[in-house]
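Welcome! Let's take a friendly walk through a protein model, going from its helices to the charges and nonpolar side chains on its surface.

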Amino acid sequence: MAHLSKVLISKMLMSFILISSIHLAVANAADAPKPKLTLEQRADKARIDSQRLELAQLEKARQAAKETAEREDKIKQQSQTHDWEAQQKLKAQKQFDERESREQKYLREAKEAAAKERKIPKP
């Protein structure tokens with residue numbers, strides 16, 4: 001029983017020491033001052049950040065231009081559909097007008113024929 005309690009105490013002590021050392025390492029790492037950058041290093045970092053930002057903005061602009069072109073194509077296709085419909089309406093109206101003018105022609109010819117005096121040929 002004494003041996004069991006010694007093993008248990010040693011394991012608890014080892015765990016406590018391990019946790020304490022990890023805690024100290026983390027605390028020291030957090031407290032460590034950040035290295036101060038020289039003016040040249042700051043300029044380089046700013047230049048890199050600027051390039052990254054410029055690339056990101058360029059990509060966004062490309063995406064926006066692509067979406068705009070897609071919307072324009074979609075609208076153009078829809079307007080072409082309307083153009084086709086307008087052409088079909090014009091074609092139908094033209095056919096209707098032609099049919100109406102033929103009817104008017106036939107009526108006029110019929111009236112002229114009715115107005116003529118007919119002579120019956122003698123056999």
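Predicted model: local features only at pLDDT ≥ 70, side-chain atom pairs only at ≥ 80, totals over all residues.

The protein has two helices and zero strands, and buried residues make up 0% of its 123 residues.

**The overall picture**
- Helix α1 runs over residues 2-31, and Ile17 lies in it.
- How much area does the protein expose? The answer is about 12500 Å², with carbon and sulfur atoms supplying 61% of that area.
- Buried here would mean under 20% relative accessible area, and the share of residues in that class is 0%.

**A negative patch**
- Glu67, Glu70, Glu72 and Asp73 gather on the surface as a patch of negative charge.

**A nonpolar patch**
- Which residues form the nonpolar patch on the surface? They are Leu13, Phe16 and Ile17, and together they have about 320 Å² of accessible area.
- Ile17, a member of this patch, belongs to helix α1.
- Ile17 has a relative accessible area of 46%, so this residue counts as partly exposed.
- That value for Ile17 also passes the requirement of over 30% relative accessible area for patch residues.

**Salt bridges in helix α2**
- How many salt bridges are there? The count comes to three.
- In one of them, the side chains of Asp44 and Arg47 meet, with N to O at 2.7 Å.
- Asp44 and Arg47 both sit in helix α2, three residues apart, which is about one turn of the helix.
- Asp44 is partly exposed at a relative accessible area of 34%, and Arg47 is also partly exposed, at 46%.
- Another salt bridge joins the side chains of Asp49 and Lys45, with N to O at 3.4 Å.
- Asp49 and Lys45 are four residues apart in helix α2, again about one turn of the helix.
- Asp49 has a relative accessible area of 36%, so it is partly exposed; Lys45, at 46%, is partly exposed too.
- Arg108 and Glu112 form a salt bridge as well, and their closest N and O atoms are 3.8 Å apart.
- That distance for Arg108 and Glu112 counts because the cut-off for a salt bridge is within 4 Å.
- What separates Arg108 and Glu112 along the helix? About one helical turn, because they are four residues apart in helix α2.
- Arg108 is partly exposed at 45% relative accessibility, and Glu112 is partly exposed at 43%.

**To take away**
- Look for the negative patch that includes Glu72, the nonpolar patch that includes Phe16, and the three salt bridges.

Note on methods. Residues numbered from 1 in each chain as written. Heavy atoms only, no water. Patch = residues over 30% accessible without salt bridge, like charges linked within 9 Å, V, L, I, M, F, W, Y side chains within 5 Å. Areas by Shrake-Rupley, 256 points an atom, 1.4 Å probe, with all protein chains shown as cover. Lys, Arg positive; Asp, Glu negative; His and termini not counted. Charge placed at Lys NZ, Arg CZ, Asp CG, Glu CD. Buried < 20%, exposed > 50% of the residue type's maximum accessible area, 1.4 Å probe, protein only.
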